[in-house]
Amino acid sequence: MSCMENGLVISHKKLGRDLYEIEFIAPRIAPCCQPGQFVHVKTGGTMDPLLRRPLSLYDVDEKLNSITLLYKVVGKGTELLTKIKVKENINVMGPLGKGFSLGDYKSVLLVGGGVGIAPLIYLARVLRERGCKVTVLYGAARSEELVAFDRLRSIGVELMLATMDGSAGYKGLVTELLYDKINPHDIEFIYTCGPEPMMVAVKDYADKYGIKGEVSLEENMACGVGACLGCARKLKPEDDHYVKVCKDGPVFSMADIK
Ligand SMILES: Cc1cc2nc3c(=O)[nH]c(=O)nc-3n(C[C@H](O)[C@H](O)[C@H](O)COP(=O)(O)OP(=O)(O)OC[C@H]3O[C@@H](n4cnc5c(N)ncnc54)[C@H](O)[C@@H]3O)c2cc1C
Ligand code: FES
């Protein structure tokens, strides 16, 4: 059940160039959240920008009833978000969308690129609490952008890093680690979120070894609740129907996507 709420901001910090983490108390929304869902955020106090901006649940603290988001400043809405101060309110609608499935797996692989790591952190924590072994391949352009590193370490995952400039971990694409470091027979399920070419490479790997998985897709959104068709897309070119990423997703089975 989703609703709208004015969350009380308790922490808001810059983690790296253009990357911020904001935590707010949201007693109505936080108890209903699932990994992979998102909140639709009003970024400023005026009518511009009119539309809310979708941001994934980076983590949820069930005791505090707080939600944490990780966001990258890419335009006007996210720039305005940086102005919100501790003790001020942030207006959010959520939780929205269909999250990740949490099967009874013993060992899973998570592949995240850049800010696409956001929904995988909450997922990794929940899976670890269920006793699942979680291996994470985490890639970014450079080491300063690996801002979720400490959280991943504290969750207790097996972590492998890749950066394009070689400043941390493997030098190159995070997906190259799939073939170098992962034994496909050890993995029951793959979850991925990040740039689409990265997710395509992850799906190719999953298909090659017959491993099932899920991807979290991004699409520009307006209403966020399935009412406007703003986020409609085909999952396969040959499909004769469109899905609404905000309502039918953002998480989809790899098997449904081409
Ligand atoms: C379900 C979902 C979850 C998301 N989770 C996160 C998250 O956890 N952290 C995060 O930093 N971002 C996330 N995003 C992306 C985020 O919503 C956009 O970056 C944000 O809406 C941009 O708003 P803006 O006003 O700053 O930029 P705008 O001025 O609207 O756009 C600036 C540039 O970014 C592009 N852009 C805008 N929205 C998107 C989008 N959804 N996907 C790809 N490109 C876009 C525009 O085409 C333009 O080039 C998510 C998107 C979706 C759909
Ligand atoms: S954003 Fe309106 S239908 Fe998805």
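What follows is a friendly chat about a predicted model.

Reader: Hi! Is this an experimental or a predicted model?

Author: Hello! This is a predicted model.

Reader: Thanks. Which domains does the domain assignment give?

Author: The assignment gives domain 1, residues 3–96, and domain 2, residues 107–216.

Reader: How far apart are the C-alpha centres of domain 1 and domain 2?

Author: Those centres lie 24 Å apart. The contact between the domains takes 13 residues from domain 1 and 13 residues from domain 2.

Reader: And which strands supply at least two residues of the side of domain 1 that touches domain 2?

Author: Strand S1 (3–16), strand S5 (59–61) and strand S6 each do that. By class, that side of domain 1 has 7 nonpolar, 3 polar and 3 charged residues.

Reader: Let's switch to the ligand. How many residues surround ligand 1?

Author: Ligand 1 is surrounded by 21 residues. The closest are Ser 56, Gly 75, Gly 77, Thr 78 and Ala 118.

Reader: Which element gives the most to that shell around ligand 1?

Author: Strand S4 does, with 4 residues. At least two residues of the shell come from each of strand S4 (53–56), strand S6 (66–72) and helix H1 (76–81).

Reader: How do the residues of the shell divide into nonpolar, polar and charged?

Author: The shell around ligand 1 has 11 nonpolar, 5 polar and 5 charged residues.

Reader: You mentioned Ala 118. Which helix has Ala 118 among its buried residues?

Author: That is helix H2.

Reader: Which residues of H2 are buried?

Author: They are Ala 118, Pro 119, Leu 120, Ile 121, Tyr 122, Leu 123, Ala 124, Arg 125, Val 126 and Leu 127. After H2 comes Gly 131, which has a positive phi, near 90°.

Reader: What about H5, how many residues does it have?

Author: Helix H5, residues 196–209, has 14 residues. From its first C-alpha to its last it reaches 20 Å, close to the 20 Å expected at 1.5 Å a residue.

Reader: Which residues of H5 are buried?

Author: Met 198, Met 199, Ala 201, Val 202, Tyr 205 and Ala 206 are buried in H5. Looking down the axis of H5, you find these buried residues within an arc of 160°, so they line one face of the helix.

Reader: What do the buried residues of H5 pack against?

Author: Their packing partners are strand S8 (107–113), helix H4 (176–181), strand S12 (189–193) and strand S13 (212–216).

Reader: And which exposed residues sit on the face turned away from the buried side of H5?

Author: That face carries Glu 196, Pro 197, Asp 204 and Lys 208. Following H5 there is Gly 210, with a positive phi near 65°.

Reader: New topic: is the peptide bond from Gly 94 to Pro 95 cis or trans?

Author: The bond from Gly 94 to Pro 95 is cis, with omega near -10°. Pro 95 belongs to strand S7, residues 89–96. The bond from Gly 249 to Pro 250 is cis too, with omega near 15°. Pro 250 is in the loop between helix H6 (245–248) and strand S16 (251–253).

Reader: You gave positive phi values for two glycines. What is phi of Lys 87?

Author: Lys 87 has phi near 80°, a positive value in a residue other than glycine. Lys 87 is in the loop between H1 and S7.

Reader: What about Leu 229, what is its phi?

Author: Leu 229 has a positive phi near 70° and is a residue other than glycine. Its place is the loop between S13 and strand S14 (232–233). Leu 229 counts as exposed, with 11 C-beta neighbours inside 10 Å.

Reader: Last one: how far apart in space are Lys 76 and Asp 48?

Author: Their C-alpha atoms are 8.9 Å apart, while in sequence the two residues are 28 residues apart. Lys 76 lies in helix H1 and counts as partly exposed, with 13 C-beta neighbours inside 10 Å.

Definitions and conventions: Residues numbered from 1 in each chain as written. Chains lettered and ligands numbered in written order. Predicted model: local features only at pLDDT ≥ 70, side-chain atom pairs only at ≥ 80, totals over all residues. Near = placed C-beta within 6 Å. Nonpolar A, V, L, I, M, F, W, Y, C, P; charged D, E, K, R; others polar. Expected span 1.5 Å × (residues − 1). Buried ≥ 20, exposed ≤ 12 C-beta atoms within 10 Å, placed from the backbone. Arc of directions from axis to C-beta. Contact = placed C-beta atoms within 7 Å. Domains from an automatic or database assignment.
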